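Please look over the sequence and the model before reading on.

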Amino acid sequence: MELIKLAFKNNKFKFGVGLIVFFILFGLIGPLFTPFASDGLYYEQVGKIKLASYSTKTLPPMTRENITTYTGKIVEVLHILGTDKEGRDVYTELVYGLRTSLWIAFLAAIIGTTLGITIGFVSGYKGGLVDELLMMFVNIMLVIPSIVLLILVAAYLEARSPAVQALIIGLTNWPWVARSVRAQTLSLKNREFVNLSKLAGLSDLRIIFEEIMPNMISYIVMVGILQISGAILASATLDFIGLGPTTMISLGTILQKAIMHNALQFGWWWWFIPPGLIITLIITALFFINLGMEEVFNPRLRGE
């Protein structure tokens, strides 16, 4: 609790957390300010079905437009960030794309961190043959470029939901976590409190997760933040080369479509700058959170 109070006294940490909270809130309440559906189109209920109405293509930001629906109804709408080449509202795509990208990043980080710390703890604590076998597997995974694995697996799947993409990223981004956690575990497993736990008859799992893990919680949190940052970039990379989610839009797929339709050459800046800027700011925010936490958890850096 004391460390949390210290963290919120750190300006870098507060700046990073504030930025992340802003984007989370923007993703949650952003749809309230637009009449468009998640795909950027205006839908009208006709009987039991919904029919889409396209807007004018490549309208600049803050443009008001009268849309004529399928039944002839005229609806006035505001395109806060204009429209793209397909007549879709960019602001709406951005909000829902942010939701998808954050969901992928957090889920991938949970999968990668959980897998990495579990293998690292078991390998470092058990030692011997178990350690050798697990580290051999980790080394093999480290030698294979993760981006190659990501592309191969993603390309093999015809339908990719955000959860599937998060799973792919999480399952290819854990080896470095396992190695670093193993190194920390090796330095802790011969400490006096661990030996006392062994004498008390505690099982290996209880010793790992009740005695060793609490002493590494700050390190694990920082690893988790790095995992989120890496997942955001990995997701954007897959999206940009056309291997993103096929069922939902994300920040990377917005960029991919913008580049594919030559938005830069035609000067449609509202299509590609906002998603790129948001990705950059999220990565920057996570960097500042990690930097602030390092200063808080390291007594030397906070001047004690």
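## Terms and basis

A crossing is called left-handed if the near helix is turned anticlockwise from the far one by less than a right angle, and right-handed if clockwise. Helices (H or I, at least four residues) and strands (E, at least two) are DSSP runs, numbered from the N terminus.

The model is predicted: local features need pLDDT of at least 70, side-chain atom pairs count only at pLDDT 80 or more, and totals for chains, interfaces and linings use all residues. Residues are numbered from 1 along each chain as its sequence is written, and side-chain values use heavy atoms, with hydrogens and water left out.

## H2 against H13

H2 passes H13 in a left-handed crossing. The two helices pack at an angle of about 145°, with their axes 7 Å apart; axes are lines fitted to C-alpha atoms, for helices over the stretch in contact, and angles run from 0 to 180 degrees between N-to-C directions.

In contact (heavy atoms within 4.5 Å), H2 residues including Phe13, Val17 and Ile20 meet H13 residues including Ile282, Leu286 and Ile289. The residues of this contact divide into 15 nonpolar, two polar and two charged. Here Ala, Val, Leu, Ile, Met, Phe, Trp, Tyr, Cys and Pro count as nonpolar, Asp, Glu, Lys and Arg as charged, and the others, Gly among them, as polar.

## H3 against H6

Helix H3 (residues 90-126) packs with helix H6 (residues 162-172) at an angle of about 35°, and their axes are 8 Å apart. This crossing is right-handed. Among the residues that meet are Trp103, Leu107 and Ile111 in H3, and Ala166, Ile169 and Gly170 in H6. By class, the contact has 12 nonpolar, four polar and no charged residues.

## Nonpolar cores

A nonpolar core is a set of buried Ala, Val, Leu, Ile, Met, Phe, Trp, Tyr and Cys residues joined through side-chain atoms within 4.5 Å. Buried means under 20% relative accessible area, exposed over 50%, partly exposed in between (1.4 Å probe, protein chains only).

The largest core has 50 residues, of which Leu98, Ile169, Trp271 and Ile282 touch the most other members. H13 gives the most to this core, with 12 residues. A second, separate core of 13 residues includes Tyr125 and Ile220.

## Isoleucine 225

Isoleucine 225 is found in helix H10 (residues 217-240). This isoleucine counts as buried because its relative accessibility is 10%. Isoleucine 225 touches Leu286, Ile289, Asn290 and Met293, not counting residues up to four places away in sequence.
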